[in-house]
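Let's take a quick tour of one protein model, a few spots at a time. Have a look at it first, then read on.

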Amino acid sequence: MSHNRPRVCLESTLLFAIPICLLAAFAQPSPTHPDSIVVFAPHPDDEVIGCAGIIMQALARGAQVKVVAITSGDGFPAAAAGVTHKPVDQVGPDDFLALSRLRQTESRTALEILGGRAADLIVFGYPDSDLGNLYDSTDDKVFRQQFTKKNETYALIQKDYHTSVHGKPAPYQRSSVLGDLVELLTTLQPTEIYVTDETDGHIDHRAAFWFVRDAARQVGYKGAFYTYLVHGLPSWPFPPEITPNLRFESRKVDGEVAPRGLPWPPPRRVPLTREQAQRKLKSIQAHNIPVVGLPDHQKEMESFVKSEEVFWTPLARSR
Ligand SMILES: [Zn+2]
């Protein structure tokens with residue numbers, strides 16, 4: 001790549017974070033729906049990049065489907081600049097909110113393209129680019145997002161999750177993220193969870209995994225737990241083009257096997273029909289934001305259109 005940002009979905013800074021395991025487990029009530037999936041997206045667009053086919057197939061068989069946008073994708077200056085037609089160094093809080101609003105709208109549209117309802121998009125509204133910092137926080141301090149200047153959850157075209165349930169937003173704290181996740185899993189009792197993989201190159205994606213894993217452990221979750229890969233390292237996906245007739249491949253990049261840190265073949269490969277692959281493409285195209293300096297961004301997102309979707313089961317060994 002000609003740029004050193006994480007590619008594919010729109011987000012921001014790479015930071016390091018250290019996972020901490022929560023091991024508490026509690027009794028689990030019966031599922032509210034016998035077939036219920038929840039797809040967690042660190043940013044609006046990850047859900048279709050990784051799971052559009054899964055969402056389509058679940059809806060087609062009558063399953064309950066919820067998509068949870070953990071952030072609104074409001075932390076990417078080049079995208080805010082693209083949306084507002086301003087130079088990157090001149091975007092301010094209102095421009096990041098405009099980006100946030102647009103990305104929520106796009107996720108709702110994409111879900112409808114897949115056969116779902118816009119109302120099944122749940123927006124947590126935590127800060128894009130700060131999920132790793134929140135996960136690592138040892139004193140549970142309240143963060144203020146540097147781009148929007150917000151310090152509590154929000155959503156602009158619907159109520160954010162915490163406000164819809166509790167009547168007021170949640171402060172940007174580690175305990176808030178975990179609390180919302182625990183509450184959501186307790187309420188929905190999903191039979192399948194999907195979240196970005198721990199090996200992902202983007203810190204928000206790794207932190208999403210850590211938070212969802214910890215919440216699942218806290219509620220004693222016994223359903224299926226799958227991960228999907230967006231910013232695979234050192235490069236991903238292969239083939240690096242839209243190839244609706246081909247499966248994902250592992251390849252060597254500079255002597256290193258990609259994707260890094262994951263078994264290949266993946267433990268779960270879900271075939272997509274040609275029609276499903278085409279609809280996945282349309283759902284990705286619903287996320288259409290010009291990003292200053294990244295002219296190939298849209299093409300990279302669309303390169304996840306294959307004849308299958310692939311998933312890993314990182315928690316299976318620990319059970
Ligand atoms: Zn993302």
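Where does H85 lie? You'll find H85 in the loop between α2 (77-84) and α3 (93-113). Before going further, note that this is a predicted model: local features need pLDDT of at least 70, side-chain atom pairs count only at pLDDT 80 or more, and totals for chains, interfaces and linings use all residues. Residues are numbered from 1 along each chain as its sequence is written, and side-chain values use heavy atoms, with hydrogens and water left out.

H85 isn't a glycine, yet its phi is positive, near 60°. H85 counts as exposed because its relative accessibility is 71% (buried means under 20% relative accessible area, exposed over 50%, partly exposed in between, using a 1.4 Å probe and protein chains only).

Look for K149 in the loop between α4 (131-136) and α5 (161-166). With a relative accessible area of 46%, K149 is partly exposed.

## Two cis peptide bonds

W236 and P237 are joined by a cis peptide bond, with omega about 0°. P237 sits in the loop between β5 (224-228) and β6 (251-253).

Another cis peptide bond links W264 to P265, and here omega is about 5°. P265 belongs to the loop between β7 (256-258) and β8 (268-271).

## A buried threonine

Now over to strand β5, where T227 is located. Is T227 buried or exposed? T227 counts as buried, at 0% relative accessibility.

Setting aside neighbours within four places in sequence, T227 is in contact (heavy atoms within 4.5 Å) with residues including V195, F209 and W312.

## A pair of helices

Two packed helices are described by the angle between their axes and the distance between the axes. For helix α1 (residues 46-60) and helix α8 (residues 274-285), the axes come within 9 Å and cross at roughly 130° (axes are lines fitted to C-alpha atoms, for helices over the stretch in contact, and angles run from 0 to 180 degrees between N-to-C directions). The contact involves V48, I49, G50, A52, M56 and Q57 of α1, along with Q276, R279, K280, S283 and I284 of α8.

Key: Helices (H or I, at least four residues) and strands (E, at least two) are DSSP runs, numbered from the N terminus.
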